[in-house]
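We will go stop by stop.

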Amino acid sequence: MNLASQSGEAGCSQLLFANFNQDNTSLAVGTKSGYKFFSLSSVDKLEQIYECSDTCCKAQLKDVFYILMYLCSADTEDVCIVERLFSSSLVAIVSLKAPRKLKVCHFKKGTEICNYSYSNTILAVKLNRQRLIVCLEESLYIHNIRDMKVLHTIRETPPNPSGLCALSISNDNCYLAYPGSATIGEVQVFDTVNLRAANMIPAHDSPLAALAFDASGTKLATASEKGTVIRVFSIPEGQKLFEFRRGVKRCVSICSLAFSMEGLYLSASSNTETVHIFKLETQREKPQEEPTTWTGYFGKVLMASTTYLPAHVTEMFSQGRAFATVRLPFSGHKNICALAIIQKIPRLLVAAADGYLYLYNLDPQEGGECTLMKQHKLDGSAEPANEILEQTSHDRPLVAQTYSAAVAKGYTEDQGAVGGAGVEDDMNTLHLDEENEQPPLILETD
């Protein structure tokens with residue numbers, strides 16, 4: 001959720017960006033002073049994992065490691081994009097001070113791995129264990145995440161000023177989705193492993209507003225700028241699997257779509273106060289029974305009459321409705337949602353431009369209206385006494401115990417991105433984390 005271009009409507013003046021990582025286990029927040037990561041393992045508290053800010057580093061400049069950290073983070077104020085690779089130490093950063101420059105860092109060691117400059121403003125960055133995608137308004141760059149080389153550039157894409165795109169997190173189905181048209185809701189699906197177009201899906205009549213892959217990379221959810229219908233397609237075939245109606249009365253701006261990790265639920269949030277959660281299950285055919293009540297007879301007559309109604313009216317009767325809903329305490333703020341299992345219970349998480357993270361319980365059997373359990377400030381600060389948020393604590397040091405001198409080397413890729421790499425003395429021993437996280441990063445320094 002990039003708020004850099006919408007600071008006027010944001011409820012929290014410091015907040016510029018918020019996003020969940022690929023498996024919804026942590027939350028990244030970009031602010032005017034830097035960026036932070038929070039663990040999502042608990043409902044009762046928002047535990048801060050890491051903070052990189054100008055204030056934090058300046059306050060501790062007596063420590064040599066913080067001095068080096070400060071030098072590394074000197075241009076990480078006004079962070080408008082910060083994307084973490086799963087639970088690893090690899091993070092991609094873009095700041096408003098250098099909106100065309102991408103920095104890739106190892107945040108636990110305080111080292112910059114490399115940086116790239118592009119021909120235009122970076123609107124979005126997506127990562128999985130094989131690829132890093134950089135989205136500009138009219139082009140997409142596909143990097144190999146192991147050495148950060150540009151593998152392919154998709155040029156002259158339809159104008160995409162919001163940077164709308166989605167990258168599957170699956171290694172087996174590593175697809176990229178982005179708008180194939182600026183006037184209608186076509187989705188271009190691109191195979192980022194074999195570097196070729198996989199399909200073009202005519203998803204909606206209106207331009208696209210939101211895209212999301214499920215964890216397996218075999219389903220793609222789409223919504224248009226009209227915002228009334230959510231569709232789910234098979235990937236790469238492009239067959240429509242589900243169609244859900246979010247509303248009838250009014251058109252809305254869809255803020256986010258998100259699948260649960262097992263792919264059974266799909267959430268859709270908008271600029272209204274309601275979040276809809278749909279259940280992706282095929283209705284079983286039941287044997288027809290004769291109605292025994294007046295309402296039963298009326299329903300049977302109504303369904304029979306759909307044969308004679310216009311196609312778009314008939315379609316409304318066949319569209320799925322929300323399995324569960326959430327009533328947010330606000331409307332009009334941009335937000336991003338995630339469906340996650342926290343402490344063995346399904347939860348809906350909503351990070352909003354008002355500066356809060358909201359956590360709701362989802363009843364997997366009954367659905368219905370979800371219950372608000374907790375809300376936390378996205379800046380990590382404690383709520384006043386008798387409020388919900390508790391003071392956070394650090395389980396890990398903010399910087400690593402060693403820091404090697406960085407070597408800068410400029411070069412130009414023929415795909416159009418200009419990069420310089422900051423690398424450690426022995427790059428073959430660089431791992432993203434001490435817990436065997438993937439992928440190992442191999443940098444070539446020539």
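Which residue in S26 stands opposite Ala338? Select Ala338 and look across: the residue is Leu349. Before moving on, some ground rules. This is a predicted model, in which local features need pLDDT of at least 70, side-chain atom pairs count only at pLDDT 80 or more, and totals for chains, interfaces and linings use all residues. Residues are numbered from 1 along each chain as its sequence is written, and side-chain values use heavy atoms, with hydrogens and water left out.

**Stop 1**

Select 335-342, which is strand S25. Strands here are DSSP runs of E with at least two residues, numbered from the N terminus. Two strands count as paired if DSSP finds at least two bridges between them.

Now show the whole open sheet: its order is S25-S26-S27-S29, with antiparallel pairing. Look at the edges, S25 and S29 (371-377). Each has a single partner strand, so one side of each is left without a neighbour in the sheet. From one strand to the next, the twist averages 20 degrees. That angle is taken between N-to-C directions, from 0 to 180 degrees, using lines fitted to C-alpha atoms.

**Stop 2: a five-stranded sheet**

Next, find the open sheet ordered S21-S22-S23-S24-S28. Its pairing is mixed. At the edges are S21 (254-259) and S28 (368-369), and each pairs on one side only. Select residues 265-270 and 274-279: these are S22 and S23, antiparallel and joined by four bridges. Inside this pair, Ser267 stands opposite Ile277.

**Stop 3: the nonpolar cores**

A nonpolar core is a set of buried Ala, Val, Leu, Ile, Met, Phe, Trp, Tyr and Cys residues joined through side-chain atoms within 4.5 Å. Buried means under 20% relative accessible area, exposed means over 50%, and partly exposed lies in between (1.4 Å probe, protein chains only).

The largest nonpolar core has 38 residues. Select Tyr35, Phe37, Leu102, Tyr118, Ile122, Val125 and Leu132, which touch the most other members. Among the elements that give two or more residues to this core are S3 (34-39), S5 (79-84) and S7 (98-106). S6 gives the most, with five residues.

Zoom in on Ile122. Leaving aside neighbours within four places in sequence, its contacts (heavy atoms within 4.5 Å) include Ile81, Val94, Pro99, Leu102 and Val134. Then jump to a second, separate core of 21 residues, which includes Ala18, Val29, Ala340 and Leu378.

**Stop 4: the salt bridges**

How many salt bridges does the structure hold? There are four. A salt bridge is a side-chain nitrogen of Lys or Arg within 4 Å of a carboxyl oxygen of Asp or Glu.

Select Lys103 and Glu112: their closest N and O atoms are 3.7 Å apart. Lys103 is buried, at 4% relative accessible area.

Move to Arg231 and Glu243, which meet in a salt bridge at 2.4 Å, N to O. Arg231 lies in S19 (residues 229-234) and Glu243 in S20 (residues 240-245), so the pair ties together parts that are 12 residues apart in sequence. Arg231 is buried at 14%, and Glu243 is buried at 11%.

Lys240 is partly exposed, at 42%. Keep the trio selected: Arg231, Lys240 and Glu243 are linked in a network of salt bridges.
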